[in-house]
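I worked from the overall dimensions to the individual contacts.

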Amino acid sequence: MRLILVGGFLGVGKTTSIAAAIHYLQSRGQSTAVITNDQGSSLVDTAFLQQTNSNIAQITNGCFCCNYNQLDAVLQEIGKTNPDYIFAEAVGSCTDMVATVVKPLQQQYAKLHTSFTVVADAVVLLRKLLEGNFFFRKEVQYIWQKQLQEADIIVVSKLDLLPPTSQQTLQQLM
């Protein structure tokens, strides 16, 4: 069983990326489950992902690290269905995932292959790599940079919003 924690800022395409991955895996006979997460009590992502025919659970009113015990309980419950892949979509402002979630899960569940994937907006990423500039205030920059630094895998979304020459530039810089 694999647990893929997915992070990234609000609106970068985390939920869409998860849905696409689920459809791909299911078309190859793999079983999937999803854990959604948000600061509020009503999750739009949960409703969107219900179309994937995956086992879905949600953790509300705080991020995974603040609700680690609830995350653990949900993982144990979902684990009973023995999915091949579990996607866990973290709150967009979540940071320090490796220290607060990934490493504790790896210690607690040695047989659960856990990774942290971050989805990044192509326009924002290219601007940062080329110019060092952000669309964000300084207080928010730390979160964005920390998410990318911690990622095992970075998925670049919204590549279609860049002209072909900028797409090539981004690929060369990565």
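Entry 1, overall dimensions. I took the radius of gyration over C-alpha atoms, and the globule rule as 2.2 Å times the number of residues to the power 0.38. The model is a predicted one. For 174 residues the rule puts a compact globule near 16 Å, and the protein chain has 16 Å, so the two agree. I also looked up the extent of the C-alpha trace, which spans about 50 × 35 × 30 Å along its principal axes.

Entry 2, inventory of elements. I found 7 helices and 6 strands in the protein chain.

In what order do the 6 strands of the open sheet stand? I noted β3-β2-β4-β1-β5-β6, with parallel pairing. The edges are taken by β3 (55-59) and β6 (153-157); each has a single partner strand, so one side of each is left without a neighbour in the sheet. On average, neighbouring strands of this sheet are turned by 20° against each other, direction ignored.

I then examined one pair in detail. Strand β1 (residues 2-7) and strand β5 (residues 113-121) pair in the parallel sense over 6 bridges. Within β5, Ser-115 is the residue that stands opposite Ile-4.

I describe two packed helices by the angle between their axes and the distance between the axes. The axes of α3 (residues 68-79) and α4 (residues 97-108) come within 12 Å and cross at roughly 45°. That angle makes α3 oblique to α4. The crossing in which α3 passes α4 is right-handed. On the α3 side I listed Tyr-68, Leu-71, Asp-72, Leu-75 and Gln-76, which meet Thr-100, Val-101, Pro-104, Leu-105 and Gln-108 of α4. By class, this contact of α3 with α4 has 6 nonpolar, 3 polar and 1 charged residues.

Helix α5 (residues 122-131) and helix α7 (residues 164-173) pack at about 65°, with axes 10 Å apart. I noted the crossing of α5 and α7 as left-handed. Which residues of α5 meet α7? They are Ala-122, Leu-125, Leu-126, Leu-129 and Leu-130, and their counterparts in α7 are Ser-166, Thr-169, Leu-170 and Leu-173. The contact of α5 with α7 has 7 nonpolar, 2 polar and no charged residues.

The axes of α5 and helix α6 (residues 138-150) come within 13 Å and cross at roughly 95°. I therefore recorded α5 as roughly perpendicular to α6. Val-124, Leu-125 and Lys-128 of α5 make the contact with Trp-144, Gln-145 and Leu-148 of α6. By class, the contact of α5 with α6 has 4 nonpolar, 1 polar and 1 charged residues. I note that Leu-125 is listed in the contact with α7 and also in the contact with α6.

Notes:
Residues are numbered from 1 along each chain as its sequence is written. This is a predicted model: local features need pLDDT of at least 70, side-chain atom pairs count only at pLDDT 80 or more; totals for chains, interfaces and linings use all residues. Side-chain values use heavy atoms; hydrogens and water are left out. Axes are lines fitted to C-alpha atoms, for helices over the stretch in contact, and angles run from 0 to 180 degrees between N-to-C directions. Helices (H or I, at least four residues) and strands (E, at least two) are DSSP runs, numbered from the N terminus. Angles under 35 degrees count as roughly parallel, over 145 as roughly antiparallel, 65 to 115 as roughly perpendicular and the rest as oblique. A crossing is left-handed if the near helix is turned anticlockwise from the far one by less than a right angle, and right-handed if clockwise. Contact means heavy atoms within 4.5 Å. Ala, Val, Leu, Ile, Met, Phe, Trp, Tyr, Cys and Pro count as nonpolar, Asp, Glu, Lys and Arg as charged, and the others, Gly among them, as polar. Two strands pair if DSSP finds at least two bridges between them.
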